[in-house]
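This report covers the domains of one protein, a contact between two of them, and the surroundings of a ligand. The structure is shown first.

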Amino acid sequence: AIKKMWGGRFEAAGAQWVDEFGASIGFDQLMAYEDLEGSLAHVKMLKHTQILSAEEADQIIAGLETLQQKLAAGELKFSVANEDIHMNMEVLLTEEIGPVAGKLHTARSRNDQVATDLHLYLKYRLETVISELKHLQEVIIAKASANVETIMPGYTHLQHAQPISYGHYLMAYYQMFKRDLERFEFNKLHTDISPLGAAALAGTTFPIDQHFSAKELGFSAVYENSLDAVSDRDFVLEFLSNASILMMHLSRFCEEIISWCSYEFGYLELADQYATGSSIMPQKKNPDMAELIRGKSGRVFGDLMGLLTTMKGLPLAYNKDMQEDKEGVFDAVKTIIPSLKIFSGMLETAKVNKEKMLAATENDFSNATELADYLATKGIPFRQAHAIVGQLVLEGLKTNTSLQAIPLARYQEIDPKIGADVYEDLKAYVAVKRRHSYGGTGFDQVKRQIDLAKQDLAK
Ligand code: ARG
């Protein structure tokens, strides 16, 4: 085995399988770009504070820039023997510029280095997550605008409850994704802090300037406490929590899409690009993408639980356990970004079967509340009205008669105050249209929500 960078106080070389077990290069090379960026900011700070001479610093800067080009060209080779991305980069830098490379690690530890890399990595990915979420919101708003007056059954317990506007339904998800967006925006605040300069745990005696390196890296702030700086993974846990809640929302939406594409519902038909066929059953059109997103929520929840469990017993400051922080984040990032993309495309291109939705509200007694409300406005106490309508529903179910098919004479036997206008109220379209209460499914309210949402997004 080769001599380790930290091998001074060791006599025996480690076994290869021990190296392999301890190495993170297999996955932390995903932060190669951020690692170089962090090193560049660090060496520029060392130059600025005259901890290194301008000449030495410039040699290191040039070497790091060469590595950046090689990285972009796919020319860098990493090895398990060099353990992680940080030491691999230092070895590669030494190959470029010789022993002066060894000065880069002045006033720095891998502990603040890895934390810096991870902050940068997540900060960049958060931008993509946020822009994909905004795109999804735009898709929802466009679909909702086109479906303000599309009537469908609203459900509780998956039983027909009251008719609603499909636009209203869609805007409910808009609100959830809006909160998701706010959570990720908040997450940005905790990610946008530089740990660089905390060194191993205690800070350093070198006259460093963390504000300088933080500014170089585009961080808005610097950690106030060096122990916290190298031990904090809250920003990652926040991300994984936010990602989990987002996936939970997507998964619920997918669940409904999957149901609605079934023969029994038939409310939606997915575009061919977002559906798959069967190798044996020629008629099939399966909502695989929706199922996969629903399924992938499980791995993101797992990423969150994994890191919470890893962190919960760790004493301050750095512990090697924390090397386990990365794969979960990488996994969550590579799960939620494509999930958002696929979901947006799938929703945008899905065909809405308005007739089927409306038809589902016609013989389902979901206008029973309308009738009870009608009676209540005629002065009958709501509880009594509820009981009367319950009776009528029971009769209707037995005789296969909808509420709108009950003759006026029968209604007037129940209460002479019931007039012919009751039939208007019993129409699903009217039931939805009239729900003007703030945040209700009335067309005016759905339009109000859409207008507000458009204003939000324009911000
Ligand atoms: N590869 C390590 C990690 O991902 C870098 C930090 C190593 N620090 C240490 N003291 N061993 O956590």
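## Domain layout

In this predicted model, the C-alpha centres of domain 2 and domain 3 are 39 Å apart. According to the domain assignment, the protein divides into domain 1 (12–106), domain 2 (111–359) and domain 3 (368–458).

## Contact between domain 2 and domain 3

Domain 2 puts 19 residues into its contact with domain 3, and domain 3 puts in 15 residues. On the domain 2 side, the elements that give two or more residues are α6 (110–145), β2 (159–165) and α7 (166–191). Of the residues on this side, α6 supplies the largest share, with 6 residues.

Sorted by class, the side of domain 2 that touches domain 3 holds 9 nonpolar residues, 6 polar residues and 4 charged residues.

## Surroundings of the ligand

The shell around the ligand takes at least three residues from domain 1 (12–106) and at least three from domain 2 (111–359). The surrounding residues are Ser24, Asp28, Asp84, Arg110, Asn111, Val114, Tyr318, Lys320, Met322 and Gln323.

Which element gives the most to this shell? It is α6, with 3 residues. By class, the shell has 4 charged residues, together with 3 polar and 3 nonpolar ones.

## The helix α6 in both places

Notes. Residues numbered from 1 in each chain as written. Predicted model: local features only at pLDDT ≥ 70, side-chain atom pairs only at ≥ 80, totals over all residues. Domains from an automatic or database assignment. Contact = placed C-beta atoms within 7 Å. Helix = DSSP H or I, 4+ residues; strand = E, 2+ residues; numbered from the N terminus. Nonpolar A, V, L, I, M, F, W, Y, C, P; charged D, E, K, R; others polar. Near = placed C-beta within 6 Å.
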